[in-house]
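Work through the exercises below with the model open beside you. Try each task before reading its solution.

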Amino acid sequence: MCGIVGYIGHRDAYPIIIKGLQRLEYRGYDSAGVALYNEESKRIFTVKTKGKVQDLIDKVELNGSPFTNLGMGHTRWASHGEPNDVNSHPHLSNSGNLAIIHNGIIENYEALKTMLKQEGFTFKSDTDTEVLVNFIEYVQQKENVKLGKAVQLALNQVVGAYAIVIFDVSNPDEIVLARLGSPLAIGVGDDEYFIASDATPFIDYTKDAIYLEDEEMAIIKRGTAIQIRKIGDDSIITPNVQELEFSLEQIEKGGYEHFMLKEIFEQPNAIQDTFRGRLLADKGIIRMAGVDDNIDRFLNAKRILIIGCGTSWHAGLVAEYIIEDLARIPVEVEYASEFRYRNPIINKDDIVIAISQSGETADTLAAIKLAKANGAFVFGVCNVVGSSIARETDAGAFTHAGPEIGVASTKAFTTQITVLVLLALRLGKEKGVINTTDYYKYLYEMMAIPDKIAEVLESNAFLEEIAAIYKDATNFLYLGRGYNFPVALEGALKLKEISYIHAEGYPAAEMKHGPIALIDEQMPIVVIATRKGHYDKVVSNIQEIKSRKGKIIAVVMKGDTIVKNIADHTIEIPETFEALTPLLTTIPLQLLSYYIAIMRDCNVDQPRNLAKSVTIE
Ligand code: G6P
C-alpha cells in the first residue's frame, strides 16, 4: 500500500520526510517522490522517480533540495497507470500551485477527467490522483474558496477511497488532509505536525497522535490548533490525541505479530478494494476495463485455459468450477511450468488467463509468451501493477489487494477468486446463462462477502485452541468437494509452507482410493463440509474417518448439526452461495496454519527455502 509522509513546522522538512519514507518501505512500493515548498522561489520543488527511496535521494541530491518547513513525500504502489516517474506522486495541479499525495482509488476519475479536459485542464500522467488535484483546483477557482473548502467541496463529488495530503503555495502556512478508507495519522509536536499513513515515520519525534477517521478532514495551520471537520456536513470534531504505546515493529505490522496475520485480517478490506469501481450491484453492473474492451473475444471463446503456480494455480482451479458453472465456457487449468514444456494445443480463439500475485513468476511468464506466440489472447490477473506479467498480457484485471509481504499467499488468493467470480458473472450474464434475478442475487451476495469474512475471522481464538491440540502432528489431510476441493489443496499448501508439516489435499470422494489407508488416531483431517455441494457424501466421508479414529476438524455452515455431532471440532462460516464458499472456507484454514506454525516456532513470514516471487525456473 502506498506510504504518505507530510510535515509542517519549524524544522527542515526534507530529512524528516525522507526518513519517514524509509520507515514506510515495509509497506511495499514501486516509486517514490517528494514535493517541498521552496521559500525563495515561492514554488513547489518536486522530485519523483520509479524505484526505491534511495533512488529518490540520489535524484534530489543532484538538484539540491531547498530548505523548507512544509513538504510531503510518497511511496507509490501503482493502481492506475504503470510505475514510472510521471505517474509517481506528488502530483501538481495545472497552475503548479497545489501539490497532492494520495492513497486509494478515485472511481469516477474518468468522468471527472473528461469534464476537466472540457474546461481546458491538461494531464501529464495516467493517474486518478492528478485528476483529483486538478478537480480541487477547478473547484477552488470556480467557487473562489480557500484550499480547505475546495478540498471539502471536491471530495463530496468524488466516489472512491482516499487518504490525501495537499498544500497550496499561495498559503504555505497551511496543509490539508482527508481520509476515506485509507489510514492517516497526525503526529502532534511542539508547533509542528507530522502526517503519515501510520505512526512509524514520526514516532521518534512525538508520542502524541491523532488518527483521522473515515470521512474526516484536517486543516493544519501554523501557530493555531488543528481543525478537524466532517467532509460531508462540515461539523467540527474535537481532536482525540492518543499516546502511542506501540514499538516501531508493531506499528509496521499494524499491531499484528506477523505480516501473514495482518494480511489474513486485511481480507475484508482487500476484497472491497477489488470490487471498488467494478461491482455496482444497484445498477446490475460489473465493470472491468480489460473485459469490457475485449468482450467479444470472451463471448466467442471456445475454451479458457488458466495457468499459474502455487496458490495462484489453486485460484485457477476454483475459477474452473465458477466459470464453467456460471458462464458455461469450458475451462482447463494447468501449472504454468507444465504448460510451457509440453507442446500444448492452443487455438486462436482460446483465452488464456494467467494468474499471478507478483506478476514475476518465471514459469507463468514463459507460459504466457508461449500462448501468445500461438496466437492466443492472454488475460492477466495480477496484484502488482507494472509487473512483467501485467505488461506481457494483452489485457487484464488487477486484484488491488495491496502489497502481500508474508511469503504464504493469503489475501492474494481471495482477491484473485473475487476477480474471477466477477468475470464469470459478467460472462454468464452476457451469454444468458444466468437469469437477471440470479445475477442480482449474486451481485448482492458478493457485496456481503467482506462482512462475512470478518465474521469468520472471529473464529480466530478458537482456531488457536485447535492449533495447540494438533501442532505436533506429522501429517495432515485436507478434504473438500466441488468448489472446496481447491480450497482443501490450498489449506494443505499453507500448512506445508509455513509449519513444515506434511499435508495433502484431496477431493473427499477420492479418500477411498488411497488416503483412507493413512487414517489412524494420530491423523488430523480437515474437512470442508458446507451444506451445499454434495453435503451428504461428505458426511459419509466424515463417518468413515470417524470409524477409523481420525481426528476431524470440520468447516461447516452456520446452524449445521449433523457434522457437529460427529466432528471433533467445527468452525462455522456464514451461509452463502456455493460458488462463493471458497472465499469463506479458506479463512479458517489460513488461521489454522498460521497458529500451528507459530506454535512450532517457525518463521511464518519467511519460511525456509521459499521465496515470495520465484523469478527462476
Ligand atoms: C511462490 C510463492 C507462492 C505463490 C507462487 C506463485 O511459490 O511462495 O505463495 O503462490 O510463488 O506466485 P505468483 O506471484 O505467480 O502468484
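A cavity is a set of grid points where a 1.4 Å probe fits but cannot get out, whereas a pocket is an open set. A volume is the space filled by probe spheres set on the points. The model used here is predicted.

**Exercise 1. The second largest cavity**

Task: Find how many cavities of 30 Å³ or more the structure has, then describe the lining of the second largest cavity.

Solution: 
- Step 1. Search the whole structure. Two cavities reach 30 Å³ or more.
- Step 2. Take the volume. The second largest cavity holds about 30 Å³ of space.
- Step 3. Assign elements. At least two lining residues come from strand 1 (3-8), and at least two from strand 10 (193-196).
- Step 4. Sort by class. Six lining residues are nonpolar, one is polar and none is charged.

**Exercise 2. The second largest pocket**

Task: Work out which domains give residues to the lining of the second largest pocket, and where that places it.

Solution: 
- Step 1. Take the volume. The second largest pocket has about 970 Å³.
- Step 2. Count the lining. There are 35 residues, and Ser-79, His-80, Tyr-109, Arg-278 and Ala-289 lie nearest the centre.
- Step 3. Assign elements. Those that supply at least two residues each include strand 6 (98-106), helix 3 (109-118), helix 9 (289-292) and strand 21 (377-382). Strand 22 gives the most, with four residues.
- Step 4. Sort by class. The lining has twelve nonpolar, twelve polar and eleven charged residues.
- Step 5. Domain 1 (3-244) and domain 2 (258-453) both contribute to the lining, so the pocket lies between them.

**Exercise 3. The ligand shell**

Task: Describe the residues that surround the ligand, and give the distance from a ligand oxygen to the side chain of Ser-356.

Solution: 
- Step 1. Count the shell. The ligand is surrounded by 14 residues; Ser-312, Ser-356, Gln-357, Ser-358 and Thr-361 are the closest.
- Step 2. Find the main contributor. Helix 11 (residues 310-327) gives the largest share of the shell, three residues.
- Step 3. Sort by class. Four shell residues are nonpolar, eight are polar and two are charged.
- Step 4. Check the side chains. A ligand oxygen is 2.6 Å from an N or O atom in the side chain of Ser-356. For the side chain of Thr-361, the distance from a ligand oxygen to an N or O atom is 2.5 Å.
- Step 5. A polar backbone atom of Gln-357 is 2.7 Å from an oxygen of the ligand.
- Step 6. On its own the ligand has 390 Å² of accessible area, and the protein covers 91% of it.

**Exercise 4. Two backbone details**

Task: Locate the cis peptide bond at Pro-90 and the positive phi at Lys-42.

Solution: 
- Step 1. Read omega. The bond joining His-89 and Pro-90 is cis, with omega about 0°.
- Step 2. Pro-90 sits in the loop between strand 4 (70-76) and strand 5 (91-92).
- Step 3. Read phi. Lys-42 is not a glycine, yet its phi is positive, about 60°.
- Step 4. Lys-42 is in the loop between strand 2 (31-38) and strand 3 (43-50).

How values were computed
Residues numbered from 1 in each chain as written. Predicted model: local features only at pLDDT ≥ 70, side-chain atom pairs only at ≥ 80, totals over all residues. Heavy atoms only, no water. 1 Å grid on protein atoms, 1.4 Å probe; cavity = no way out; pocket = protein on both sides within 12 Å on 5 of 7 lines; lining within 4 Å. Nonpolar A, V, L, I, M, F, W, Y, C, P; charged D, E, K, R; others polar. Domains from an automatic or database assignment. Near = heavy atom within 4 Å. Polar contact = N/O pair within 3.5 Å; in protein donor to acceptor, adjacent residues only side chain to side chain. Areas by Shrake-Rupley, 256 points an atom, 1.4 Å probe, with all protein chains shown as cover.
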